[in-house]
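Hi there,

Here is the structure I promised to send over. Have a look at it first, and then read on for what turned up.

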Amino acid sequence: MKKIIVSVCVACVLLASCAQRKTAAATEKITVIDQNNMEATLNGKPDRIVLTALPLPSIYALTGEPIEKLVGMHPGATSAIKNSVMGTMYPALLNVPSNFINGVDINIEELMKLEPDVVMYWAEYTNQYELLKSAGIPAVGVKTQGDGDVIVTMDSWLAIMGEMFGKSKKVDAVLEYGRSLQKDILSKIEGIPDSDKPKVLYIFNHSSEEISVSGNKFYGGTWIENTGGINAAREIQGHSIVNMEQIYKWNPDIILITTFTETMPEDLYENKIRGQNWSNVAAVKNKKVFKEPLGVYRWFPPSGDAPLMSMWMANHMQPTVFNYDMKKEIKDYYKRFYQYDLTDEQVEGILTANTEAAKGANFGGRQ
């Protein structure tokens, strides 16, 4: 009997010790250096995550972490999710709260109700950092890297998430795929003379009141230059408002339109925009106006679909060099990296973006 009691007691001690080790492991602190070079200390692997930088939910989806861990995000991200395949793939995202932020302003009382373990935010908004720091919430800032290079930026954001959630083969596979594809495209356009490159205008935001275009060292300009085109607005740094007279001078061969704006190619073809006459612009006359796709997020900034954007852009910039079968590539990519089988209808929906997806995205801040 005594031997049995001793054995049971030893077992109890072992179990208690095991539980203590698990508790210690679960609360092991994680230190992350963000893209403001600020240090954030997390109390273990985060279970409740808030993402205020709009593209981040789609980047997060590539990590393989449970979607249910996202407990807050920006309404501009919500509008994209509700009007894209992302909402079907991850229905839990449709009910994630976004009432704690309006534009760039955080309501700290509402945010605290979400009990976040970490908030990832646009690093430029240092006011948000100070607010989060004062509330004792670990804050990890992200910003554009590589002079507007989306693939480089996506890599850096995934690397940060990899540090927070633990390195995974899935994150590494996505990074390697994006890098390899970009390297291949750059090698194929390297010898193309400027005379054989189209002059391209990327419209960032658009309405009857203003036209904002992507210049040098901003996403649109870098997409154009990295896939075989010439950015018509490369004299501009970042993005800027321009008038029709400037666009007439540039006279672009191709016009691309982001999904941050409700404007569609038909609006330019049919001159529907009050106070703007697009009829004499080469891209409009030759029916070379294209709306960017919308998959797990808008394809203009960094997103989980960034490698697909590389292919889509290359097809438009240099159609005699590149001939990616986008419907097949999209299906293969979603199967490989999201473990999701797209229908033909869903693929068509990605390639023909919904104007409703722009709502809540244009608030004068970073998108």
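Predicted model: local features only at pLDDT ≥ 70, side-chain atom pairs only at ≥ 80, totals over all residues.

Let's start with a pair of helices: Val 150, Ile 151 and Met 154 in H7 meet Ala 306, Pro 307 and Ser 310 in H13. A contact here is heavy atoms within 4.5 Å, and helices (H or I, at least four residues) and strands (E, at least two) are DSSP runs, numbered from the N terminus. The residues of this contact of H7 with H13 divide into five nonpolar, one polar and no charged.

Residues are numbered from 1 along each chain as its sequence is written, and side-chain values use heavy atoms, with hydrogens and water left out.

A second pair is H14 (residues 326–337) with H15 (residues 344–351), packed at an angle of about 110° with axes 10 Å apart. The axes are lines fitted to C-alpha atoms, for helices over the stretch in contact, and angles run from 0 to 180 degrees between N-to-C directions. H14 and H15 are therefore roughly perpendicular to each other, a label for angles of 65 to 115 degrees. On the H14 side, Met 326, Lys 327, Ile 330, Lys 331 and Tyr 334 take part, and they meet Asp 344, Val 347, Glu 348, Ile 350 and Leu 351 in H15. That contact has six nonpolar, no polar and four charged residues.

Next comes helix H6 (residues 126–134), where Gln 128, Tyr 129 and Leu 132 are buried, meaning under 20% relative accessible area with a 1.4 Å probe, protein chains only. These residues cover an arc of only 100° around the axis, which puts them on the same side of H6; the arc is that of the directions from the helix axis to the C-beta atoms. Their packing partners include helix H5 (108–113) and strand E7 (118–122). Just after H6, Gly 136 has a positive phi of about 75°.

Finally, Ser 212 lies in strand E10 (residues 211–214) and, at 4% relative accessibility, counts as buried. Its contacts, leaving aside neighbours within four places in sequence, include Tyr 202, Phe 204 and His 239.

Best wishes

How values were computed
Parallel < 35°, antiparallel > 145°, perpendicular 65-115°, else oblique. Nonpolar A, V, L, I, M, F, W, Y, C, P; charged D, E, K, R; others polar. Buried < 20%, exposed > 50% of the residue type's maximum accessible area, 1.4 Å probe, protein only.
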